[in-house]
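This briefing concerns a single protein chain. Please consult the sequence and the structure shown below while reading.

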Amino acid sequence: AAAGGGGDAEVQRLVEENAMLEAEIAALRARLDVAQKLDMAEEKRVRAVFDLFDKDNNGVLDREEFELLAFECGSDISAMTREHVDATFRALNTSGDGKIKYAEFFRWLQQDRRNA
């Protein structure tokens with residue numbers, strides 16, 4: 001009976017150790033996820049591209065600036081019809097003010113990357 005009691009203690013110790021390891025793995029995954037989302041080097045590159053096409057330096061991309069960005073950065077030029085550019089501009093312009101703010105642009109790139 002004593003051996004059985006010792007076995008139960010060993011099982012309990014292993015269960016607790018496993019739970020601790022699972023918690024550590026979950027914490028590590030959370031930190032990695034945050035690190036990926038906050039990749040500062042990537043955000044700096046995105047900001048540089050946004051600023052490059054913000055020709056009048058007003059902090060937003062108007063329709064013409066966005067069209068230039070779309071044609072310069074688009075990988076499939078044949079897909080860059082005026083209708084496609086218009087639809088993409090409307091999708092990015094979540095505030096509906098006719099201007100794409102950096103936050104709208106960055107959020108769209110992140111969603112696009114997750115959907116790829």
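The model is predicted, and the protein chain has an average pLDDT of 82. The largest nonpolar core has 15 residues, and a search of the whole structure finds seven salt bridges. The count of aromatic pairs comes to five.

**Confidence**

- Of the residues in the protein chain, 80% score a pLDDT of at least 70.
- Confidence is lowest in helix H1 (residues 2-37), where the mean is 78.
- Strand S1 (residues 60-61) has the highest confidence in the protein chain, at 96.

**Helix H2**

- Helix H2 spans residues 40-53 and has 14 residues. From its first C-alpha to its last, H2 reaches 20 Å, close to the 20 Å expected at 1.5 Å a residue.
- Glu42, Val46, Phe50 and Phe53 are the buried residues of H2. Viewed down the axis of H2, these buried residues fall within an arc of 75°, so they line one face of the helix.
- The exposed residues Lys44 and Leu52 sit on the face of H2 that is turned away from its buried side.

**Nonpolar core**

- Within the largest nonpolar core, the residues with the most contacts are Val46, Leu61, Phe66, Leu69, Ile100 and Phe105.
- At least two residues of this core are supplied by each of H2, helix H3 (63-73), helix H4 (82-92) and helix H5 (102-115).
- H5 provides the largest share of this core, at four residues.
- Val46 belongs both to the residues with the most contacts inside the core and to the buried residues of H2.

- Arginine 13 forms a salt bridge with glutamate 10, with the closest N and O atoms 2.9 Å apart. Both residues lie in helix H1, three residues apart, which is about one turn of the helix.
- Arginine 13 also meets glutamate 17 in a salt bridge, at 3.0 Å from N to O. Glutamate 17 and arginine 13 are four residues apart in helix H1, again about one turn of the helix.
- An α-helix has 3.6 residues a turn, so residues three or four places apart point the same way.
- Arginine 13 is partly exposed, at 39% relative accessibility. Glutamate 10 is partly exposed at 36%, and glutamate 17 is partly exposed at 39%.

- Arginine 63 and aspartate 86 form a salt bridge whose closest N and O atoms are 2.5 Å apart. This pair links distant parts of the chain, with arginine 63 in helix H3 and aspartate 86 in helix H4, 23 residues apart.
- Arginine 63 counts as buried because its relative accessibility is 15%, under the 20% cut-off. Aspartate 86, at 24%, counts as partly exposed.
- A network of salt bridges links Arg63, Glu67, Arg82 and Asp86.

**Aromatic pairs**

- Among the five aromatic pairs is that of phenylalanine 66 and phenylalanine 89, which is tilted, at 5.8 Å centre to centre and 50° between the planes. It links distant parts of the chain: phenylalanine 66 lies in helix H3 and phenylalanine 89 in helix H4, 23 residues apart.
- Both members of that pair are buried: phenylalanine 66 has a relative accessible area of 2%, and phenylalanine 89 has one of 7%.
- The rings of phenylalanine 105 and tryptophan 108 have their centres 6.3 Å apart and their planes at 35°, so this pair is tilted. Both residues lie in helix H5, three residues apart, about one turn of the helix.
- Phenylalanine 105 is buried, with a relative accessible area of 3%, whereas tryptophan 108 is partly exposed at 26%.
- One aromatic cluster is formed by Phe50, Tyr102, Phe105, Phe106 and Trp108. Within this list, Phe50 is a buried residue of H2, and Phe105 is among the residues with the most contacts inside the largest nonpolar core.

Methods: Residues numbered from 1 in each chain as written. Predicted model: local features only at pLDDT ≥ 70, side-chain atom pairs only at ≥ 80, totals over all residues. Heavy atoms only, no water. Expected span 1.5 Å × (residues − 1). Buried < 20%, exposed > 50% of the residue type's maximum accessible area, 1.4 Å probe, protein only. Arc of directions from axis to C-beta. Core = buried A, V, L, I, M, F, W, Y, C linked by side-chain atoms within 4.5 Å. pLDDT = per-residue confidence, 0-100. Salt bridge = Lys/Arg side-chain N within 4 Å of Asp/Glu carboxyl O. Phe/Tyr/Trp six-rings, centres within 6.5 Å; stacked < 30°, edge-to-face > 60°.
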